[in-house]
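Subject: Structure handover

Hello,

Here is the structure I promised to pass on. Please open it alongside this message.

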There are 2 protein chains.
Amino acid sequence: MILHGYFRSSAAWRVRIALGLKGLTARQVSRHLRKGEQAAPDHLALNPQGLVPTLEVAGQGALTQSLAVLEWLDETQPGPRLLPADAWGRARVRALAQIIACDIHPIQNLRVLQYLKREMGQEQPAIDAWARHWIATGLAAFEARLAEPAAGRFCHGDVPGMADLCLVPQLGNARRFGCDLSPYPRILAVEAACRALPAFMAAAPEAQPDAE
Amino acid sequence: MILHGYFRSSAAWRVRIALGLKGLTARQVSRHLRKGEQAAPDHLALNPQGLVPTLEVAGQGALTQSLAVLEWLDETQPGPRLLPADAWGRARVRALAQIIACDIHPIQNLRVLQYLKREMGQEQPAIDAWARHWIATGLAAFEARLAEPAAGRFCHGDVPGMADLCLVPQLGNARRFGCDLSPYPRILAVEAACRALPAFMAAAPEAQPDAE
């Protein structure tokens, strides 16, 4: 497998963690987002959105959209499951993952911030406040859901899964934007449990070959 | 089942189509988004994000996040399947759905547009241009993927599924913002096939009890 990503992309980071938890390795191809390498013709041919991650699977083709990639990995690859065995639990974990993957990350990612600056003429402090606003709004709801009985050492019970894979990278973004994370003690406890695991450590941006 | 939604919410619209395709009915509770009813305490108790849709299931609890709701319906309810039988096909359909549910809709929904206006002081023409930009960017990639061999009368083969459920409501938003849809003939052909089906017609905003 070949993972087209970028060390700082939180969506690619999710997939790196999943590969690690499953004990899989993928060759990494770096697509430098600030240089626009994700929109290079050879990558667009794999992924018409020109976003990372893209996971190339030998003999099959290219998978896009990180949550779809995670589901595919879970359905087809051996190793620990990223989703619970029961349908209600799966719905809860998917909803947690989507709080981040739908309602936080896309609103604060690079292309959106660039539009605010270039097309709307916003100054950097207003752009940073925007990012912090959407991160805080989403994390507050996420924190509330970690009070549910289904939560445990991790977002759902005592094993890491798809929600944790989304949460840890989002917290990386939160810190880059200077968010105050003190209102989220349950989130921070889950993050600490995740960061104790080798798969999470190995997937961190600073551990990637293209880290700056 | 009780569906907390709003006639114009494209995320609630997705769930209404799915219920119709499955032959299910749910009592609808309208949460007027412009009046902030989605953030009423009784709804926040069900869904800490204060967003629609929320699907209450008797004896079980509340499901949130439209894509997670669609997966749960597909896993637990009888009727036509919303996802293909093969893992690669499921990954493709989920990725198509997520182009819309992650990378278009959250960036152009009401709360984001309100922030652009109130906190960033943007004028309405710039806000409308913003919405059209993200819709066009996403639909162009979606259109490219409808050239793949797996596409058929619908987004994936010749039966409607999760990607179609996301596409049709997004096109409703696109028209409200005045997007030019002529660059997307494949998308328009799929939409026409969907709109010929009673479940899609019955789920349309103008057919809802809270339509204005």
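Below are the conventions, then the findings.

This is a predicted model, in which local features need pLDDT of at least 70, side-chain atom pairs count only at pLDDT 80 or more, and totals for chains, interfaces and linings use all residues. Residues are numbered from 1 along each chain as its sequence is written, chains are lettered from A and ligands numbered from 1 in the order in which they are written, and side-chain values use heavy atoms, with hydrogens and water left out.

UniProt lists residues 1–81 of chain A as "domain: GST N-terminal", in an unreviewed entry. Its positions are given here in the numbering used above, the feature name is shortened, and the annotation may be inferred rather than shown by experiment. Over residues 1–81 the chain is 37% helix and 20% strand. Helices (H or I, at least four residues) and strands (E, at least two) are DSSP runs, numbered from the N terminus. The end C-alpha atoms of this stretch are 19 Å apart.

Strand S1(A) (residues 2–5) pairs with S2(A) (residues 27–30) in the parallel sense, over four bridges. Pairing requires that DSSP finds at least two bridges between the strands. His4(A) stands opposite Val29(A) in S2(A). The chain runs from S1(A) through helix H1(A) (residues 10–22) to S2(A), a right-handed β-α-β crossover (clockwise from the first strand over the helix to the second, with the strands pointing away from the viewer). S1(A) also pairs with S3(A) (residues 54–57), antiparallel, over three bridges. There, Leu3(A) stands opposite Leu55(A).

**Interface**

Chain A and chain B bury about 4100 Å² between them, 65% of it on carbon and sulfur atoms. Buried area is the accessible area (1.4 Å probe) that two parts lose on being put together, summed over both. Trp88(B), Tyr115(B) and Met120(B) supply 17% of the area that chain B buries against chain A, more than any other three residues. The contact (heavy atoms within 4.5 Å) takes 45 residues from each of chain A and chain B.

**Gln98(A)**

Gln98(A) is in helix H4(A) (residues 87–101). Gln98(A) counts as buried because its relative accessibility is 6%; the cut-offs are under 20% for buried, over 50% for exposed, and partly exposed in between (1.4 Å probe, protein chains only). Leaving aside neighbours within four places in sequence, Gln98(A) contacts Leu67(A), Asp103(A), Gln65(B), Leu67(B) and Ala68(B).

Best wishes
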